[in-house]
Every structure is written in structure tokens, then in C-alpha cells.
Amino acid sequence: MTANWNYQPLTHQQQLEAESLLTKVSETPVLAELLVRRGVTTPDAVDDFFSPGLSQLHDPFLMQDMDKAVNRLNKAMGAKERIMVYGDYDVDGVTAVALVYKYLQNYYSNIEYYIPTRYEDGYGISLKGIDYAADNGVKLIIVLDCGIKAIEEIEYAKKRGVDFIICDHHVPDEILPPAAAILNPKLPESTYPCPYLSGCGVGFKFMQAFAMSNGLSNHNELESLLDLVAVSIAADIVPIVGENRVMAYQGLRRLNSNPNLGLRSIIRLCKLTNKDITISDVIFKIGPRINASGRMQSGMEAVELLVSRDLHEAYEKGKDIDQYNKDRKELDKQITDEANSLIEHNVNIVQGKRSIVIYNKDWHKGIIGIVASRLTELYYKPAVVLTYSKGVATGSSRSVQGFDIYSAVNSTRDLLENFGGHTYAVGLTLKEENIPEFSRRFEEYVVDNIQPNQLHPHIDIDAVIEFADITPELLVSLKKFNPFGPGNQKPIFCTRNVFDFGTSRLVGKNLEHIKLELEDNSTSHVINAIAFNMSKYFEHIHSHKPIDICYTIEQGKRSGNSETIQLMIRDIRPSAE
């Protein structure tokens, strides 16, 4: 599918701001432009952006109900009440549970953790979990990464003598659960400066407030847990801006120097030892392995891994989870193939429609979110994938860039048993007989609300440059923009009127990729590049016709003692005549 290229030249005001930054960025206009596009507009802000320090973290008591949450936790510990740390079974949930449990264990022993199973408990707070807690003398549950809609469940817990502190980051409804405290930066009246925290990030802020209220001065105990926060930020794809960027930056430093023993075992199994681990590595290698535990078996195993204090034990648990991930990959491919086959043989599922709703009662519940992502990428439409579990249809949805799928699902809420999530990903359950009407109304909402520019992928270009601008010094400076993610994507550049040096060739098992050697008129240097799955442009390129490219600048393989540069091509167009 052809992508739209978006490039907006700097406004006059932005140009003035960029000029004011030139002395801070070695008189390099392209770096100044990149900073201004990220809202970094003063010399002092450049220092903070390139070196995000813990001093930039916000006062946790700025979060609504934080004082109530800390007071209730202190009361529980003072009365020696049994405490349970409860969380969702995905990466964000299990890292949050591991963080809060590990930190509180330093000061309190009457504490346990609980992760619901995807298949027995279902998503969020379950009556089974509450009964287990009450039957085992638990008086306070700290719930992480879920709970914001659990009104009936928390009312039931109160009747059984169990209080809740909710630490969540999902979109709340108008009516909130009757918990002792609710920590959620998305509450309607919240004025917390960073509304984009992950569930684990909310747990970290809670522990930060607990430490402050009790005069706990060993900051390393808390800061050592930032690797878990960084993993949650990457895996949950929350914006890496503001406080999130600080925690991701510091957490990656910990991940690369002295990680949690459980994470160290995963790093070893991913073959990332002694490599510079990035957000991308967490998204594609570390996160999926942790997630596989909750998808294929039980998220409890992932928490056991992350709270382990023995390296050998952690490695053995890591190997089990690595195997779950291999099993998950096989199921993922099988179900994705089945979904594509179903669509190919029933063209009415996508033809003439702006959304996809697909149902197969035999699909594995733990995989349908991944399949929804695959369908969204392939067809570039909001997608809902449903299967059958415990008497109801249960599903996951994924969206295209810029379209709020939470609002789309919310428009059908009278047909649903339960739902919750974010702008781009929502989980839902409904009665099987409601699927046809849900499909009709979901499509109706998408047709009425999706914008024309959201129907095609688009590439936002940060700067238009020439090859003469691409230097080893620029590569070094671009590394300072890490960590990359939503809100701070890896800079994408555009260069126009580029030619094949004469040595570009097709590569790959099916000759589907192009290994490029390119030049332009600004320099005599030849630039190496790789264009995956773009073989359709090869004849045009090989005939020495000019092309426009958009790309990211990557570090290539070492050549002697120096780093080489390679462009990762995002898209190619024949240059305008």
C-alpha cells in the first residue's frame, strides 16, 4: 500500500527557535530542526532532553488520591494486614506487580502477589481472585494495570472485608469503583503533568510516594527497579515523552548495566548480552517473551521470573518462558494464515468496508491481539478479532494511526459484556449472538468518523537533507535522541534526486529486497542502504533514473576502527520529472 509522505517546513517562529539552538548543536541546522519538532526550543531544554535525569521526575503527590493511597498502605503495614499485589497478565501488568512486590518486600513480609489467568479469571479483577484473597486473610489489594472499571467486583470485595488501591492507566468511565484510592493520570479531573504513564509507571510513582512519606532515603532500591518500568513503557507502546522519557532512559541504562536477574536471563536467551539494548529490542525480543507467559500459560510465571533472587533459577524459568514464546510464534503464524484465508474466501469481510471484524471460535484466546495487529498492518483498517471462551465471544482490536478505536468500541457498549483499553488497542467480550450487530455498528462508526488521511499509511518526515549532511558526527548526535518511541520516533529523513551508483542488487531468499549503493549531487561519497520488500523499484533504480527516498540513518557494520553508516529505507518514489 502506497504511503503518504508528510513534510511540513518549520514555521517562522520555529525557524527562530532552531537558530537559537545552533550553538548547542555544533552549528548543525538539521539537529536544531529535529529538536524544535520535538518541542525542545531553548538551550537549557537541550541539556534536559539529551541527559534525562531523575531530578526531572514529578512529585508523585501531584497525582490525584496519592495521599489516600499512601495513607491506606501505611495503615495496612502498621496493622500488619496481609497485602496482595494484583495485576494484569500482560507485560505491563507483570512488570508492575514485580516492581511493587519487590520494593515493598524490602520493608514488609506479610505480602503476596496474584496474576489472574487469561482463561479462568479473564481480564482484570476477578471474583475468583477476590475470594482467594479474602479466604487467605488479605485485607488490602493493590491492583495494577487494571481495575478502573471493576465497580461490581470492588463492591463485592468490600462486602468480604477487602480494600482496594487501584493503580491503572486505562480510560475510566464516568462512574468509578468504590476503592480506598484510585491512582490514574487519565481521571477526568487529573492535573498530573504526565497523563501517559504505563501501569508499571503508576506503580513506580506510588512506591516513590510511599518512600517519601516514610523518609526512606535509599533511593537506589527504587531506582534499581526502573528497568522494569522501561520494559513496560516499551511493551505497552505509551508515548516516550516527559516523565516517561526520563524513566525509559534511566531504565535502559539499568537494563544495559545491571538488570534485574529475571530480565538478565531473558537478555541472555535473546542473545543481547554485551549489546546496546534499545527500546526496539524490548518491543521485539524481551517483551514478547514475557508476554508469552500470560498468553500461553500463566502470568504468574513471568512474575516469579522477575522477582527471582537466584541467577540459575531465573535462567531456568527464562528457558520455560522462551519456549512459550516459540510456541506462541507457531500459533501466531497458524492463526494469521487462517485469518487471511478466511478473508480471501469471504471478500465481503473487507471489500467496500473500512473496518474488519472476524470471528473463529476455535482460535487461541492468547493470540488474537497479535492477529488483529497483523490484519491492521496488512489491510490498513481498524480490526477486531474474536474467538470463543467460557460462554462468550472475546476479542482484541487494533487501530490505524490517528483513529481512536476505544471510542469506536465504546459506541457499541450496550452490546458488550465488558471492554477496556486505549486509543489504539481495546479488549472486549460480548454474547455470540451480538456479533453481527456489533460488526454492523462498529463499521458504521468507523465510516462516520475515520478521516480520509487515516485510510492510508503515512510517513512523517522530520527533515529534507542531502547526502553531504550525512556524516559520522550526525550519526553520533542522533544517538542522543534515544530512547525512541511514540512521541519521539526515530528521525525520518528525505533526500530527493538520488541515483544508483551502479552496484545495487537484489538480495533475499526470493530476491525481494534491494541492497543499494546510492549517490546524489551534493557529495562524491557513496551511501549504503537497504530497502526491504521493495524489489518492484529495482528496474527503475537500476536504469539510473532518479528516485526520492525517505529513511532512517542507522549504524552499519564496523569497517576497521570506524563505524559505517547505512540507510534503512522506509519508502521509495520515482523523482518528479
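A residue is counted as buried when its relative accessible area is under 20%. By this criterion, in the predicted model examined here, helix α2 (residues 29-37) is mostly covered, with seven of its nine residues buried. These are Val30, Leu31, Ala32, Glu33, Leu34, Leu35 and Val36. The elements that cover the buried residues of α2 include α1 (12-21), α3, β13 (463-464), α19 and β14. Following α2 is Gly39, which has a positive phi, near 80°.

Two packed helices are described by the angle between their axes and the distance between the axes. For helix α15 (residues 311-345) and helix α16 (residues 368-379), the axes come within 9 Å and cross at roughly 50°. The two helices, α15 and α16, are therefore oblique to each other. Their crossing, that of α15 and α16, is right-handed. On the α15 side, the contact is made by Arg328, Asp332, Ile335, Thr336, Ala339, Asn340 and Ile343, which meet Ile370, Val371, Arg374, Leu375, Leu378 and Tyr379 of α16. By residue class, the contact of α15 with α16 comprises eight nonpolar, two polar and three charged residues.

Salt bridges were searched for across the whole structure, and 24 were found. One of them pairs Asp173 with Arg413, with 3.0 Å between the closest N and O atoms. This pair links distant parts of the chain, 240 residues apart: Asp173 is in the loop between β5 (163-167) and β6 (181-183), and Arg413 is in the loop between α17 (405-410) and β10 (416-421). Arg413 has a relative accessible area of 38% and is therefore partly exposed.

The side chain of Asp322 meets that of Arg289 at 2.7 Å, N to O.

Arg441 forms a salt bridge with Asp414, and the closest N and O atoms are 2.6 Å apart. Arg441 is in helix α18 (residues 435-449) and Asp414 in the loop between α17 and β10, so that distant parts of the chain, 27 residues apart, are linked. The accessibility of the two partners was also computed. Arg441 counts as buried because its relative accessibility is 18%, and the cut-off for this class is under 20%. Asp414, with a relative accessible area of 56%, is exposed. Elsewhere, Arg72, Glu81 and Asp163 are linked in a network of salt bridges.

Asp65 is located in the loop between α3 (43-50) and α4 (66-78). With a relative accessible area of 19%, Asp65 is buried. When residues up to four places away in sequence are not counted, Asp65 touches Ala181, Ile182 and Leu183.

Backbone geometry was examined next. Most residues other than glycine have a negative phi, and most peptide bonds are trans. Asp145, although not a glycine, has a positive phi of about 65°. Asp145 is in the loop between β4 (138-144) and α7 (151-159), and its relative accessible area of 1% makes Asp145 buried. Asn497, also not a glycine, has a positive phi of about 55°. Asn497 is placed in strand β14 and is partly exposed, with a relative accessible area of 39%. A cis peptide bond, with omega near 0°, runs from Asn482 to Pro483. Pro483 lies in the loop between α19 (472-479) and β14 (493-500).

Finally, Lys159 was considered. Lys159 is part of helix α7 and is exposed, with a relative accessible area of 74%. Between Lys159 and Leu506 there are 68 Å in space, C-alpha to C-alpha, and the two are 347 residues apart in sequence.

Methods: Residues numbered from 1 in each chain as written. Predicted model: local features only at pLDDT ≥ 70, side-chain atom pairs only at ≥ 80, totals over all residues. Heavy atoms only, no water. Axes fitted to C-alpha atoms, helices over the stretch in contact; angles between N-to-C directions. Helix = DSSP H or I, 4+ residues; strand = E, 2+ residues; numbered from the N terminus. Parallel < 35°, antiparallel > 145°, perpendicular 65-115°, else oblique. Left-handed = near helix turned anticlockwise from the far one by under 90°. Contact = heavy atoms within 4.5 Å. Nonpolar A, V, L, I, M, F, W, Y, C, P; charged D, E, K, R; others polar. Salt bridge = Lys/Arg side-chain N within 4 Å of Asp/Glu carboxyl O. Buried < 20%, exposed > 50% of the residue type's maximum accessible area, 1.4 Å probe, protein only.
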